[in-house]
Amino acid sequence: MSLISIKLEKRTAPPVWFQVLTPVIAIVISLGISAIFLLILGKNPFTAFYYMFYGAIGTKFAFLEMLVKATPLILTGIAVAIAFTAKYWNIGAEGQLYAGALAATWFGLMNLPLSPVIYISLEILVGFLAGAIWSVVPGYLKAELKVDDVVTTLLMNYIMIYIVSALLNGPWRNPVTMYPSSIAISKNAFFPKLVPQSRLHIGFLVAIIAVLLMYFIVRKTKLGFEIRATGANPRAANFLGINTTKSIIIVSIISGGIAGLAGVSELCGVQYHLIQTISPGYGYSGIVIAMLGRLNPIGVFLSAIYFAIVITGANVMSYSLNIPPYISDVIQGITLIVMLAMLLLFEYRIKVGRSK
Amino acid sequence: MEKVVEMKNIRKTFLNNVANNDINFSVFKGEIVSLLGENGAGKTTLMKILYGMYSKDSGEIYVNGNKVEIDSPKDAINLGIGMVHQHFTLVKTLSVLENVILGLPSENPFLLELDVPRKRLMKISKDYGLQVNPDAKIWQLCVGEQQRVEIIKALYRNVSVLILDEPTAVLTPQESEDLFKTLDLFKKEGKSVIFISHKLEEVMEISDRIVILRNGTVSGERRKVDTDERELARLMVGKDVFDAIRHNKSEAGEPILKIEGLTAFNDKGVKALKGISFEVKKGEVLGVAGVSGNGQKELENIICGVKKPESGKIFLNGEDITNNTPKEIIKMGIGRIPEDRMEDGLILDIPVLENLVIEFYDKPPISKGIFVDYANMKKIGENLLKEYNIKASSVFALTRTLSGGNLQKVILARVLSQNPKVIIASQPTRGLDVGATEYIHEKILDAKSRGTGVLLISEDLNEILNLSDRIMVMYEGEIMGIIDREKEKVNIEDIGLMMAGSRCSEEGHELN
């Protein structure tokens with residue numbers, strides 16, 4: 001009996017160019033696959049992609065709007081990337097974002113007599129802590145008790161989203177409109193604009209700082225060394241004297257905190273009041289962005305920008321060509337799948353042969 | 001007597017490693033034949049060929065006089081050959097009954113027929129004294145019971161030749177006795193048993209005939225009534241180890257590492273260390289000989305700080321270090337060369353540089369405060385690369401890309417650069433070529449001459465004899481004896497006997 005056998009062999013030395021080019025190739029392939037869907041809809045894919053990119057970066061206004069969209073994506077992308085570096089599989093950035101937004105709303109609704117600088121700084125601190133608390137629970141469970149983090153972080157999302165829903169339909173419901181949304185937070189907690197006459201706010205700077213912070217932690221500190229070693233092989237790291245339990249717990253705090261900042265940024269920079277849909281899945285997009293950015297902070301920044309282009313541009317594309325706006329989700333999904341396939345090729349080579 | 005299985009001129013190589021070299025082996029009807037040998041002698045390889053799991057390079061197999069090709073375990077089972085592996089092949093979440101009938105065709109093509117199989121299972125269980133609850137899930141069973149399920153599985157498929165690979169390794173003495181009774185029943189029924197073991201005592205108890213393998217060849221074949229443990233030990237260990245010369249004299253000083261009454265369980269919950277005590281002195285190599293799986297791994301892990309003992313204490317320079325973390329143990333001056341260099345000793349997916357310094361990167365000159373000075377790290381790493389002659393494209397090369405010998409040199413460089421007080425080296429040259437082996441031996445002896453106490457755990461008797469000042473033999477979690485080479489000559493037979501479970505006797509010394 002002889003069958004064709006397909007085997008995956010681990011590459012000993014993956015070529016460097018492959019590493020840099022992987023995300024670029026992944027984007028090109030995913031746009032190519034998306035083009036098939038556009039063709040099915042009877043649209044010229046080149047026209048469609050032109051509208052997409054023009055709609056996102058074609059004008060100054062569009063460009064700034066794109067950066068507004070990129071802000072939460074950078075933050076969740078960094079949150080996930082630093083977690084994945086330690087192999088803390090944080091699927092819970094979404095819930096941590098909501099935790100941050102919830103805490104910032106609570107603090108903002110207090111209308112404390114504080115100057116904007118202090119109020120905003122405290123908002124950031126409170127949001128970071130809330131996200132961190134929501135993430136350290138599964139982080140601790142993983143590190144100390146080996147509880148599967150994919151499951152716990154994912155389920156924590158639903159808990160937080162329903163808590164927010166309960167608050168918005170209960171004590172925080174807007175008493176005037178009766179909509180399930182809170183009233184506005186203190187004006188002193190509003191994030192100032194970075195560019196006048198636009199929606200771009202200082203949350204974007206917070207995101208840039210998060211990128212730099214991750215680079216700094218991973219590349220310059222002892223903690224970063226420990227995180228990378230833990231992620232590369234927890235068993236060996238433990239044997240070689242690294243406290244892997246501590247590394248995972250600290251990473252879970254940093255990761256959740258940064259995801260919480262995405263919530264603060266959306267609340268204080270864009271919405272000013274808490275709504276049920278404050279995140280249309282930024283936490284989940286963060287996973288794709290972190291993978292596409294190969295867990296490298298600069299890579300994460302660039303892939304978040306790319307995703308912001310797809311999301312904002314897809315809107316323009318959809319109303320210009322009369323196609324459903326969900327095309328943006330399709331492109332995002334295809335990008336992830338292609339990227340995962342590329343990463344597999346990056347680590348393994350496929351060997352086809354005959355088996356006995 | 002009738003030959004049920006005959007293997008002729010079997011040869012099997014793995015890359016450059018000859019596992020079986022022209023082996024001839026037969027099994028007669030109604031006998032228990034033991035395959036005796038050290039680790040790596042080729043016992044399991046030979047049996048996996050018979051069971052269709054490995055394909056032989058050359059040779060012939062006859063079953064009941066007919067030449068056969070066995071390409072898969074399924075072929076083997078159809079020929080009446082069953083095997084119980086060291087690591088069981090049971091589905092943990094299924095019941096005993098479900099595991100037994102797994103893979104067999106059902107009478108009814110649409111429904112799983114369980115009543116008839118249940119009756120048959122119960123009959124087998126009763127006939128051979130193999131007690132199991134057919135409805136228990138595998139994960140609920142202890143290892144002894146799981147082994148019974150494996151045996152029933154084979155009997156259910158009507159095998160007439162049963163291969164057992166080190167069956168008693170996971171059993172308590174009582175369970176072993178029960179197993180032996182069952183095997184006697186097989187024999188009376190005219191079935192044959194191939195019993196793989198390295199334990200002399202049980203081989204002498206159970207077998208009719210004993211075939212001894214060494215380095216992939218048959219080094220002897222004896223009927224039980226014609227032999228004794230002493231002769232078997234010599235055949236198993238071989239005479240060639242006599243040639244080993246000790247390189248240098250002992251310079252032993254004060255005791256530095258002291259182990260007191262250490263007991264521990266292994267991963268399977270079996271007692272792996274039974275209250276052992278010994279000490280390692282400054283400037284000596286204490287070699288730990290023994291067939292692997294006799295507690296060496298647990299001893300290594302406990303001293304290295306990755307396993308907690310049940311009871312007992314470890315002292316370094318008089319200071320109690322029992323239950324210290326790996327980090328504390330490293331800082332106190334214990335250098336560790338672990339058995340599993342790929343999984344414990346190195347992180348393969350980071351640069352060589354970081355593996356070189358990982359045990360001391362967190363203190364000056366590499367780190368200051370919370371920061372790591374990567375420029376300094378690189379300088380130190382490059383020096384180590386040069387000093388220890390490690391072949392890597394650069395310090396930034398991914399560790400995975402290095403060869404086996406160079407990987408071990410990375411660990412050696414890391415450990416020796418810290419001038420440890422004690423080195424725990426486990427199988428330090430396993431799988432390495434001659435050049436790398438010599439280099440590592442040389443470095444270990446260098447460290448010893450600088451006053452480091454070395455605990456050398458090895459399955460390679462030549463290595464033990466080459467390097468050790470004292471030799472300690474472990475068997476089933478106990479120390480069978482410690483031979484001080486300053487005071488007495490090493491008797492290789494004694495070591496062989498101790499490794500296989502007999503304490504050395506006065507008689508033995510007189511014989512040589």
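Predicted model: local features only at pLDDT ≥ 70, side-chain atom pairs only at ≥ 80, totals over all residues.
B:Asn64 sits in the loop between β4 and β5 of chain B. Residues are numbered from 1 along each chain as its sequence is written, and chains are lettered from A and ligands numbered from 1 in the order in which they are written.

Some terms. Helices (H or I, at least four residues) and strands (E, at least two) are DSSP runs, numbered from the N terminus. Two strands pair if DSSP finds at least two bridges between them.

Back to B:Asn64. This residue is not a glycine, yet its phi is positive, about 50 degrees. Most residues other than glycine have a negative phi, and most peptide bonds are trans. β4(B) and β5(B) make a hairpin with two residues between them, and B:Asn64 is in the turn. Is B:Asn64 buried, exposed or in between? B:Asn64 is partly exposed, with 15 other C-beta atoms within 10 Å. The cut-offs are 20 or more other C-beta atoms within 10 Å for buried, 12 or fewer for exposed, and partly exposed in between, with C-beta atoms placed from the backbone.

B:Ile61 has B:Val68 as its bridge partner in β5(B). β4(B), residues 58–63, also pairs with β1 (residues 3–14) of chain B, in the antiparallel sense and over five bridges.

Next, the six-stranded sheet in chain B. What is its strand order? It runs β6-β7-β8-β3-β9-β10, as an open sheet with mixed pairing. β6 (81–84) and β10 (217–223) of chain B each have a single partner strand, so one side of each has no neighbour in the sheet. From one strand to the next the twist averages 20 degrees. Angles here run from 0 to 180 degrees between N-to-C directions, and axes are lines fitted to C-alpha atoms, for helices over the stretch in contact.

Inside that order, β3 (residues 32–36) and β9 (residues 209–214) of chain B are parallel, over four bridges. B:Leu35 has B:Val211 as its bridge partner in β9(B). Helix α6 (residues 173–188) of chain B packs on the sheet and touches β3, β7 and β8 (192–197) of chain B, its direction at about 145 degrees to that of β8(B). Helix α5 (residues 143–156) of chain B lies across β6 and β7 (161–165), at about 170 degrees to β6(B). Contact means that the C-beta atoms of two residues, placed from the backbone, lie within 7 Å.

Chain B also has a four-stranded sheet, open and antiparallel, in the order β12-β11-β14-β15. Its edge strands are β12 (271–281) and β15 (319–320), each pairing on one side only. β11 (residues 255–265) and β14 (residues 311–316) of chain B share five antiparallel bridges, and B:Glu260 stands opposite B:Lys313 in β14(B).

One peptide bond to note: B:Pro364 and B:Pro365 are joined in cis, with omega about 5 degrees. B:Pro365 is in the loop between α12 (352–357) and β17 (367–368) of chain B.

Now chain A. Helices α3 (residues 60–85) and α12 (residues 297–321) of chain A pack at about 135 degrees, with axes 7 Å apart. That makes α3(A) oblique to α12(A); under 35 degrees counts as roughly parallel, over 145 as roughly antiparallel, 65 to 115 as roughly perpendicular and the rest as oblique. The residues of this contact divide into 16 nonpolar, three polar and two charged. Ala, Val, Leu, Ile, Met, Phe, Trp, Tyr, Cys and Pro count as nonpolar, Asp, Glu, Lys and Arg as charged, and the others, Gly among them, as polar.

A:Asn111 is another residue other than glycine with positive phi, near 50 degrees. A:Asn111 lies in the loop between α4 (93–108) and α5 (116–145) of chain A, and is partly exposed, with 13 other C-beta atoms within 10 Å.

Last, the interface. 19 residues of chain A are in contact with 24 residues of chain B. Which helix gives the most to the side of chain A that touches chain B? α8(A) does, with six residues. By class, that side of chain A has nine nonpolar, six polar and four charged residues.
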